[in-house]
Amino acid sequence: MAANGTKGGTLARQAAMLCQDAQFQLYLDRRRRAKHGMTESQLPDGTHNTEDARDWLCAACQIQSRAELDHQITAAATFRRIRQRFQMWKQRLGREQ
């Protein structure tokens, strides 16, 4: 249960699994590099970890805890967009390899 007493459901569990996904962490590394015009030496692959991914996801969805995803419509919609963009990135990455 989240600190605010909100119980997480399906989306919270999906978000937790996403944050633990090494490919999602790699996606965040590459996304940040592209967004800030950084080189790989400035922000190497493998920089983001599970906790960084959780912090980024909570900030992006404007929530304090992933449990809120199951209770806030706007946050849930943002999470679904993030997950969709990540899936598209993974498909592109697979085609490039």
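This is a predicted model: local features need pLDDT of at least 70, side-chain atom pairs count only at pLDDT 80 or more; totals for chains, interfaces and linings use all residues.
Two residues are in contact when heavy atoms of one lie within 4.5 Å of heavy atoms of the other.

Helix α1 spans residues 10–20, and its buried residues are L11, A12, A15, A16, L18 and C19. These residues lie on the same side of α1, because they cover an arc of only 160° around the axis. The other side of the helix carries the exposed residues R13, M17 and Q20. The cover over the buried residues of α1 includes three helices: α2 (22–36), α3 (50–61) and α4 (73–96).

The packing of α1 against α3 may be considered next. The axes of α1 and α3 are 8 Å apart and form an angle of about 130°. Angles from 65 to 115 degrees count as roughly perpendicular and those over 145 as roughly antiparallel; α1 and α3 are therefore oblique to each other. The crossing of α1 past α3 is right-handed. On the α1 side the contact involves A15, C19 and Q20, which meet T50, A53, R54 and L57 of α3. Of the residues in this contact of α1 with α3, four are nonpolar, two are polar and one is charged.

The residues of the contact of α1 with α2 comprise four nonpolar, two polar and no charged.

How values were computed: Residues are numbered from 1 along each chain as its sequence is written. Side-chain values use heavy atoms; hydrogens and water are left out. Buried means under 20% relative accessible area, exposed over 50%, partly exposed in between (1.4 Å probe, protein chains only). Helices (H or I, at least four residues) and strands (E, at least two) are DSSP runs, numbered from the N terminus. The arc is that of the directions from the helix axis to the C-beta atoms. Axes are lines fitted to C-alpha atoms, for helices over the stretch in contact, and angles run from 0 to 180 degrees between N-to-C directions. Angles under 35 degrees count as roughly parallel, over 145 as roughly antiparallel, 65 to 115 as roughly perpendicular and the rest as oblique. A crossing is left-handed if the near helix is turned anticlockwise from the far one by less than a right angle, and right-handed if clockwise. Ala, Val, Leu, Ile, Met, Phe, Trp, Tyr, Cys and Pro count as nonpolar, Asp, Glu, Lys and Arg as charged, and the others, Gly among them, as polar.
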